Amino acid sequence: MAETRDLRISNAVVLPEADLEEQFIRASGPGGQNVNKVSSAVQLRFLAGQCEALSDDAKRRLYRLAGQRATKDGDVLIEASRFRSQDRNREDARERLAELVREALKPPPPPRKKTRPSKGAVERRIKEKKGRSKIKAMRGSVGD
């Protein structure tokens with residue numbers, strides 16, 4: 001049986017390999033001559049717009065969470081160059097994408113319930129303001 005490269009997000013959600021594109025690019029930063037020769041950084045592109053594993057609401061939350069990593073075409077780009085090895089960067093990119101999608105799958109919090117201050121709290125606030133006003137009014141210049 002061939003190894004599948006599908007990305008498991010949770011028990012219910014699996015991103016198919018067809019919606020993931022990997023491209024290996026040269027990493028910047030330290031690494032000596034090796035950094036100029038080896039393409040160890042990974043650019044993982046998740047084609048979220050055509051993915052059927054996510055609902056439209058989850059996609060909207062994903063785009064909002066992705067910020068500048070989301071493209072106009074509906075893709076999400078993750079770049080990983082933390083490690084010097086290509087395999088570790090690939091796993092890092094896939095884990096970061098999985099974490100982003102997990103966050104997008106969480107339902108939004110319920111809207112805030114409006115509350116009013118109690119009558120006593122309002123009275124205390126007004127009393128405090130009047131006291132502060134009297135203190136400031138007495139700061140005026142001394143009249144002869």
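What share of the contacts in the protein between residues at least 6 apart in sequence join residues at least 24 apart? The share is 58%, where contact means heavy atoms within 4.5 Å.

The model is predicted: local features need pLDDT of at least 70, side-chain atom pairs count only at pLDDT 80 or more, and totals for chains, interfaces and linings use all residues. Residues are numbered from 1 along each chain as its sequence is written, and side-chain values use heavy atoms, with hydrogens and water left out.

**View 1. Overall fold.** The protein has 4 helices and 5 strands, in the order β-β-β-α-β-α-β-α-α from the N terminus. Helices (H or I, at least four residues) and strands (E, at least two) are DSSP runs, numbered from the N terminus. The radius of gyration is 28 Å, well over the 15 Å that the globule rule gives for 144 residues, so the protein is more spread out than a compact globule. That radius is taken over C-alpha atoms, and the rule is 2.2 Å times the number of residues to the power 0.38. The C-alpha trace spans about 95 × 45 × 25 Å along its principal axes.

View 2. Three strands form an open sheet in the order β3-β4-β5, with antiparallel pairing; two strands pair if DSSP finds at least two bridges between them. Strands β3 (20–25) and β5 (76–80) are the edges, each pairing on one side only. The twist averages 20° from one strand to the next. Helix α3 (residues 86–105) packs on the sheet, touching β3, β4 and β5, and its direction makes about 140° with that of β5. Axes are lines fitted to C-alpha atoms, for helices over the stretch in contact, and angles run from 0 to 180 degrees between N-to-C directions.

**View 3. The β4–β5 pair.** Strand β4 (residues 41–46) runs antiparallel to β5 and is joined to it by 5 bridges. Arg45 has Leu77 in β5 as its bridge partner.

**View 4. Salt bridges at Arg90.** A salt bridge is a side-chain nitrogen of Lys or Arg within 4 Å of a carboxyl oxygen of Asp or Glu. Arg90 forms one with Glu22, the closest N and O atoms being 3.0 Å apart. This pair links helix α3 to strand β3, across 68 residues. Arg90 also meets Asp87 in a salt bridge (3.6 Å, N to O). Arg90 counts as buried at 19% relative accessibility, whereas Glu22 is partly exposed at 30%. Buried means under 20% relative accessible area, exposed over 50%, partly exposed in between (1.4 Å probe, protein chains only).
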